[in-house]
Amino acid sequence: MGAGGNTLVFSLGRRRKAATVSACPFTSAPSSGEWQDRPRRPVTRVTDRREAESFVRQFHHEQPDAGDVERRVRAVLAEIDRTGTYEHTPAELSFGARVAWRNAARCIGRLYWRSLVVRDLRQVTSADDIAAACFEHLRIAGNGGRIRPVISVFAPDRPERPAPRIVNDQLVRYAGHNTPEGRRLGDPRAAEPTARARSLGWKRDEEAFQVLPLMVEERPGVRPEWYELPDDCVMEVPLRHPDHGWFAELGLRWYAVPAISDMTLEIGGVRYPAAPFNGWYMGTEIGARNLADAERYDLLPVVADRLGLDRSSERTLWRDRALVELNVAVLHSFQKAGVTMADHHTESERFLRHIAQESRHGRPVPADWSWIVPPVSGSTTPVFHRYYDPVDTSLRPAFLPRER
């Protein structure tokens, strides 16, 4: 479903309500006794009139067919004075979400910001329906392997009425376990959400690539509901190497849709704390970070040993050689599976095209160099050899770290 659909009902698939187990959803250690809703101070934030007016004028400036800007500004300011906030039109919501992507200083893939599919789900508020909508998000974004950029925007925070939150940092994330023998299994980065899920009653056999359940809070501080992700909404790619048959024996795989779900979308002073969004992967995100980082899956020593590399000294550059082959396997596997993935050389060139396009419109392109330059062969890409507009943290609309 694209922009404009305000209500929907989906099948939940393998849904499982949280059991009567207690623990704070933002700590990893369970506590004794039954779950207690954690009282929080009600949200009293009133939408800033200046931010609202600035956004409305930006929207009308970039969308000249949108109508009378002065009339819309008067209506918005009057609504804020009356209720403490205002409601975006579907067109404003779609524009704001796309511009938030355009403003994302850490994203190299912003050339495609206009293509973002915006799902207007502001009327979906129950945990069950939010989970169902998130599962449908993954199906729409997966698109049989031809990944589509999608955002699903749920209800905004209102004065004295905080909106639902998605606990997970991504809609799909592999669990991380610490075994009784002190061994790490799975993704160590997910140790905390794995502990949260277990404290809510989720129990599965420990595996290296085990998909975590989705956890949803209907309001901040209330015990989350948890939901197993249906098989048909989690697309995974088994990893193979084009030249080394033994690579398949490692049993590696990765999910196709990287859907961020723990950031707040802010548009014109209105905050949407549940607004999961995705693009598609650049190969290095998986091959040079998720699978290679020592604090993640730490696979470089394993790959190096299977390649027969000399690990007696850093001067043999065994890490570099293993890293390249790991990235070759990731790109090869996604291509063979027919799943969209960019390589870091092509995406770097596209980012410079984005800068050129935005310059023609007189718009700056803030960029965080440390995020834009890829983690493999950075100096061989065109994004390495230049400066960028400084990051402006006040730039709006924007995706912001969520306030807990």
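Among contacts in the protein between residues at least 6 apart in sequence, what percentage join residues at least 24 apart? The share is 70%, a contact being defined by heavy atoms within 4.5 Å.

This is a predicted model, in which local features need pLDDT of at least 70 and side-chain atom pairs count only at pLDDT 80 or more, while totals for chains, interfaces and linings use all residues. Residues are numbered from 1 along each chain as its sequence is written, and side-chain values use heavy atoms, with hydrogens and water left out.

## Overall composition

The protein has 10 helices and 14 strands. These elements are DSSP runs numbered from the N terminus, helices (H or I) having at least four residues and strands (E) at least two. Of its 404 residues, 51% count as buried. Buried means under 20% relative accessible area, exposed means over 50%, and partly exposed lies in between (1.4 Å probe, protein chains only). The accessible surface amounts to about 18800 Å², and 48% of this belongs to carbon and sulfur atoms; the areas come from the Shrake-Rupley method with a 1.4 Å probe, and for residues only the protein chains shown count as cover.

## An open sheet

An open sheet is formed by 3 strands in the order E3-E6-E7, with antiparallel pairing. Strands E3 (165-166) and E7 (225-227) stand at the edges with a single partner strand each, so one side of each is left without a neighbour in the sheet. Two strands pair if DSSP finds at least two bridges between them. Strand E6 (residues 214-217) pairs with E7 over 3 bridges in the antiparallel sense, and Met215 has Trp226 in E7 as its bridge partner.

## Aromatic pairs

A pair of aromatic rings is described by the distance of the centres and the angle of the planes. Rings of Phe, Tyr and Trp (its six-membered ring) pair if their centres lie within 6.5 Å; planes under 30 degrees apart count as stacked, over 60 as edge-to-face and the rest as tilted. By this rule there are 16 aromatic pairs. In one of them, Phe209 and Trp254 have ring centres 6.4 Å apart and planes at 85 degrees, so the pair is edge-to-face. This pair links distant parts of the chain, 45 residues apart: Phe209 is in the loop between helix H5 (191-199) and E6, and Trp254 is in strand E9 (residues 253-255). Phe209 and Trp254 are both buried.

Phe209 also pairs with Tyr297: the centres are 5.0 Å apart and the planes stand at 5 degrees, so this pair is stacked. Here the partners are 88 residues apart, Tyr297 lying in the loop between helix H6 (283-290) and helix H7 (300-307). The relative accessible area of Phe209 is 7%, and that of Tyr297, also buried, is 11%. Ring pairs link Phe209, Trp254 and Tyr297 with Tyr174, Tyr255 and Tyr281 into a cluster.

## Charged side chains

Side chains of opposite charge can pair when their charged atoms come close. A salt bridge is a side-chain nitrogen of Lys or Arg within 4 Å of a carboxyl oxygen of Asp or Glu, and the structure holds 28 of them. The table gives some of these.

| Salt bridge | N to O distance |
|---|---|
| Asp48 and Arg50 | 3.4 Å |
| Asp169 and Arg173 | 2.8 Å |
| Arg271 and Glu266 | 2.4 Å |

Asp48 is partly exposed at 23% relative accessibility, whereas Arg50 is exposed at 69%. Arg271 and Glu266 are both buried. Salt bridges that share partners also join Glu62, Arg102, Glu358 and Arg363 into one network.

A charge sits over a ring if NZ of Lys or CZ of Arg is within 6 Å of the ring centre and within 35 degrees of the ring normal. Arg102 lies over the face of Trp113, 4.7 Å from the ring centre. Arg311 lies over the face of Trp318, at 5.2 Å from the ring centre.

## Backbone exceptions

Most residues other than glycine have a negative phi, and most peptide bonds are trans. Asn143, although not a glycine, has a positive phi of about 50 degrees. This residue lies in the loop between helix H4 (127-142) and strand E2 (150-153) and is partly exposed, at 31% relative accessible area. Ser377 likewise has a positive phi of about 50 degrees; Ser377 is in the loop between H10 and E14 and is partly exposed at 38%.

The peptide bond from Arg396 to Pro397 is cis, with omega near -5 degrees. Pro397 is placed in the loop between helix H10 (369-372) and strand E14 (398-401).
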